[in-house]
Amino acid sequence: MSSLNRRRAGWTIVNLLVVLYAVIPLWWIISLSFKSTGTVTDGNFIPTSWTLENYRNIFDTGFFTSALINSIGIGLITTAIAVVLGTMAAYAIARLEFRGKKLLVGAALLIAMFPQISLVTPLFNIERRIGLFDTWLGLILPYTAFALPLAIYTLSAFFREIPWDLEKAAMMDGASPTQAFRRVIVPLAAPGVVTSAILVFIFAWNDLLLALSLTSTDRAQTAPVAIANFTGVSQFEEPTGAIAAAAVVITIPIIIFVLFFQRRIVAGLTSGAVKG
Amino acid sequence: MADIVLDNVSKQYPDGSTAVEGVNLQIADGEFVILVGPSGCGKSTTLNMIAGLEDITGGDLFIGGERMNDVAPKDRDIAMVFQSYALYPHMSVRQNIAFPLSLAKLPKAEIAQKVDEAARILDLTELLDRKPANLSGGQRQRVAMGRAIVRSPKVFLMDEPLSNLDAKLRVQMRTEIAQLQARIGTTTVYVTHDQTEAMTLGDRVVVMSKGRVQQVGAPQELYDHPLNLFVAGFIGSPAMNFVPGRLTEHGVESVIGEIALPDHRELLARAQEVGSDGHVLLGIRPEHFADAAQIDPALLPHCKVFEAGVDFVESMGSDKYYYFTLEAPGGSAEVLNRLAEDIGASTQGGQKVARLLPTTTVPRGGTVSLAFEPRLMHVFDTASGLSLR
């Protein structure tokens, strides 16, 4: 009894530590974002005087707003392309035997493991030459390329989970391959599609390296780049509070995105299809 | 409804291995045909070729007189019940059963009426709004059946539909399937590895092994007149006993002594026909043995009697299984072991079994006098495996 209690207490402490480890930096950022310029360096965990000044400032210039719009647009388009292509590729990988399948899977893995930093200079040169530099497309293309392996791997794992008998049954029931895919496979793979959509979106949303190198103006600069450039924008003050406020703002779309799709991520949706 | 004709149908995989070779089969309209055989014998591949889920690499398939080789599964008007049931987990029972009809774009009212009717036949009315995950194995099985019967297809295909059910439910569903098929009268091809299902369900049984059809016939015919060693060993439970022997002028000779056969002339002629070298296997079914002490003495002159040491005894209540060993001289043991492996027999080649009355009292380790009528004995050529008698 006492050993059980001790074990439970031990787990509680460990859990608490993990939660604190994750939450403290987050709270620190939120707290900073509500502090006024004068108190930003006071080291208080809870702001002594709350202010929305930082938030007002970052949206004042319009620079951050356009960066946010760029981020959302580029993120969503990348997600859409990567998920659609990834779904089709993953379905083929999970279901079909074709020549070069191993090569395709290997190439996808290779791209996923490739150090992105080594591609920055060539990409920069190429994009400047062909006029993609500082455009949405100039970011969407490399993002899609880097996100596709992720999407393919996640999705093919999900497709493999769907019993092949279901497709055969759909075919016997009179469905064309397209109908079988649309009415049976996609609904069952929905949790996988949503999961990979979230992963891809977060990847595109968080990227700083490529966005910093392949953009120069508010035509295509994304929110992380804008935050990195804050120092130059607000030259009369320490931008700590503004950076904190912007960091909070760019976290919100991710939270909305995840909350919106969370209902659809239902584990064990395929249970009851076939008896194992 | 339609008849099915398989004309020399073969399946060869790209890697060169052959799953099914030269299957010829005529299935009449409304017939219930069972494909049976050990796993890997090509029965499921044959079924999948009829369904269109696997390509036919040689030969022709006709359903209702139409060549179907290149017709897509969805256009063959065949319904299939899978071993795994393959219910759509995101749809309710009603939607599952209605799926083929909604794909066929039937009017809503007609779909509802047909689904209700199928549900009534299969006793699923209460469950129509449940999801497959909330059904028991037997209920899922019935939903799968419902999805098959609802569209009144030309042909039913069933791929081991009962093998995931527990023993009691399996017997119950077996009866239900037989009654359902008799009532609907749709041509049905049923695959199983269970010979009890094969014997009880079908009008005709197709025994397959190693991609080839071994014998086609009514269940009783397969039991009474197996064409070769494989069918003889596969049909019947416990499996037929095989004793190595040699052909003689008046019959056969083996470790249990010389057995004179009245039809020895025909036997020798048949042996010559198949090119036999005189080595044969005698096939005796366990249920054809009797305890010599318990049978009517008047029958004894017609019987061959021999002594056997009892290795062990299994009491089944209604019967007692007596296991005994007969010394098999020379190379035949290998043939027997291979055969035992082929048919998935539980006993080694040398072990024999007799199914005796429960009143038999000989204990384990004792000696039992076994009698059998030579009339009921089968004789097979060892080399070719063909039946000689």
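Hi everyone, let's start with one residue: Phe257 of chain A has 19 C-beta neighbours inside 10 Å, so Phe257(A) counts as partly exposed. Here a residue is buried if 20 or more other C-beta atoms lie within 10 Å of its own, exposed if 12 or fewer, and partly exposed in between, with C-beta atoms placed from the backbone.

Before going on, a word about the model. This is a predicted model, in which local features need pLDDT of at least 70 and side-chain atom pairs count only at pLDDT 80 or more, while totals for chains, interfaces and linings use all residues. Residues are numbered from 1 along each chain as its sequence is written, and chains are lettered from A, and ligands numbered from 1, in the order in which they are written.

Back to Phe257(A), then. Phe257(A) sits in helix α12 of chain A, residues 240-262. Helices (H or I, at least four residues) and strands (E, at least two) are DSSP runs, numbered from the N terminus. Which residues does Phe257(A) touch, not counting residues up to four places away in sequence? They are Ile198(A) and Phe201(A), where contact asks for C-beta atoms, placed from the backbone, within 7 Å. Arg6(A), in turn, is 251 residues away from Phe257(A) in sequence and 40 Å away in space, C-alpha to C-alpha.

Now let's zoom out to chain A as a whole. Chain A has 12 helices and 0 strands. The radius of gyration of chain A is 23 Å, well over the 19 Å that the globule rule gives for 276 residues, so chain A is more spread out than a compact globule. That radius is taken over C-alpha atoms, and the rule is 2.2 Å times the number of residues to the power 0.38. Along its principal axes, the C-alpha trace of chain A spans about 70 × 70 × 30 Å. Of the 276 residues in chain A, 34% count as buried. If we take contacts in chain A between residues at least 6 apart in sequence, 77% of them join residues at least 24 apart.

One helix to look at is α4 of chain A, residues 101-113. Its 13 residues reach 19 Å from first C-alpha to last, close to the 18 Å expected at 1.5 Å a residue; that expected span is 1.5 Å times one less than the number of residues. α4(A) is hardly covered, with a buried count of 1 among its 13 residues.

On to chain B, and to a contrast. Is helix α1 of chain B, residues 43-51, enclosed or open? For α1(B), 9 of the 9 residues are buried, so this helix is largely enclosed by the rest of the structure. Among those buried residues are Lys43(B), Asn48(B) and Ile50(B).

Within chain B, confidence is lowest in helix α10 (residues 332-342), at a mean of 71, and highest in strand β3 (residues 32-36), at 95. For the complex, the predictor gives an ipTM of 0.80 and a pTM of 0.78.

So where do the chains meet? In all, 26 residues of chain B are in contact with 22 residues of chain A. On the side of chain B, the elements giving two or more residues are β6 (78-81), α2 (93-103) and α4 (137-149). That side has 18 nonpolar, 4 polar and 4 charged residues. Here Ala, Val, Leu, Ile, Met, Phe, Trp, Tyr, Cys and Pro count as nonpolar, Asp, Glu, Lys and Arg as charged, and the others, Gly among them, as polar.

Finally, some backbone details in chain B. Most residues other than glycine have a negative phi, and most peptide bonds are trans. Tyr85(B), in the loop between β6 and α2 of chain B, has a positive phi of about 70° although it is not a glycine. With 28 C-beta neighbours inside 10 Å, Tyr85(B) counts as buried. Asp123(B) has a positive phi too, about 65°, but with 12 C-beta neighbours inside 10 Å, Asp123(B) counts as exposed.

How values were computed:
pLDDT is the predictor's confidence in each residue, from 0 to 100. Two residues are in contact if their C-beta atoms, placed from the backbone, lie within 7 Å.
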